[in-house]
Amino acid sequence: MNQLKQAIEDEYRSYYFYKSMYDQTNNQLWRDFIQHVYEDEKSHYEMLQQLYYMMTGTFVQNPRKPVACHDLKECARRALVDELEAVEHYKIMLLSIPFQQAYNPIFIAMHDEMEHAIRMSTIYNGLGG
């Protein structure tokens, strides 16, 4: 249950972090990438909250918002690392799911986090050294 609660809190923070990243660039491709990611993170948050509710009868309350992004390259680097860590977190969760209804939201989140890492890597590498 703690892993699921942590994942919900992480998705919440990621959504707001990416929303702040969006405002740090005028590059339309990168804005599209970032928008796609924050929309996915919102969806993950909602799916995982629903799963948590199915398991406990309550929702995770009052997750903390992150510090906003002020340096696109540093934020892309941090996001890349966080997304790869999230893939590992979801892989562990997927291997220990308590019931079949939990499989789909965890699998979707894991798959999307891999895609997000690719998008963030593209932005990070595109910003040069």
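The largest pocket of this predicted model is lined by 19 residues, and those nearest its centre are Asp10, Glu11, Arg13, Ser14 and Asp82. Two or more lining residues come from each of H1 and H3. H3 gives the largest share of that lining, 8 residues. The space in the largest pocket amounts to about 350 Å³.

Helix H3 covers residues 72-95, 24 residues in all; at 1.5 Å a residue the helix should span 34 Å, and the 34 Å between its end C-alpha atoms agrees with this. At the start of H3, the backbone nitrogen of Lys73 has a side-chain oxygen of Asp71 within 3.2 Å.

Buried residues of H3 include Leu72, Cys75, Ala76, Ala79, Leu80 and Glu83. Further along the helix, Ala86, Val87, Tyr90, Met93 and Leu94 are buried as well. An α-helix has 3.6 residues a turn, so residues three or four places apart point the same way. Among the elements that cover the buried residues of H3 are helix H1 (2-22), helix H2 (28-56) and helix H4 (103-126).

Cys75 of H3 also takes part in a disulfide with Cys69, with 2.3 Å between the sulfur atoms. A search of the whole structure finds 1 disulfide. The torsion about its S-S bond is about 120 degrees, so the disulfide of Cys69 and Cys75 is right-handed.

| Residue | Relative accessibility | Class |
|---|---|---|
| Cys69 | 2% | buried |
| Cys75 | 5% | buried |

Definitions and conventions: Residues are numbered from 1 along each chain as its sequence is written. This is a predicted model: local features need pLDDT of at least 70, side-chain atom pairs count only at pLDDT 80 or more; totals for chains, interfaces and linings use all residues. Side-chain values use heavy atoms; hydrogens and water are left out. A disulfide is a pair of cysteine sulfur atoms within 2.5 Å. Buried means under 20% relative accessible area, exposed over 50%, partly exposed in between (1.4 Å probe, protein chains only). Helices (H or I, at least four residues) and strands (E, at least two) are DSSP runs, numbered from the N terminus. The expected span of a helix is 1.5 Å times one less than its number of residues. Contact means heavy atoms within 4.5 Å. A polar contact is a pair of N or O atoms within 3.5 Å; within protein, one must be able to donate a hydrogen and the other to accept it, and residues adjacent in sequence count only if both atoms are side-chain atoms. On a 1 Å grid over the protein atoms alone, a cavity is a set of points where a 1.4 Å probe fits but cannot get out, and a pocket is an open set with protein on both sides within 12 Å along at least five of seven lines; lining residues have an atom within 4 Å of a point. Grid points are joined across faces, edges and corners, and a volume is the space filled by probe spheres set on the points.
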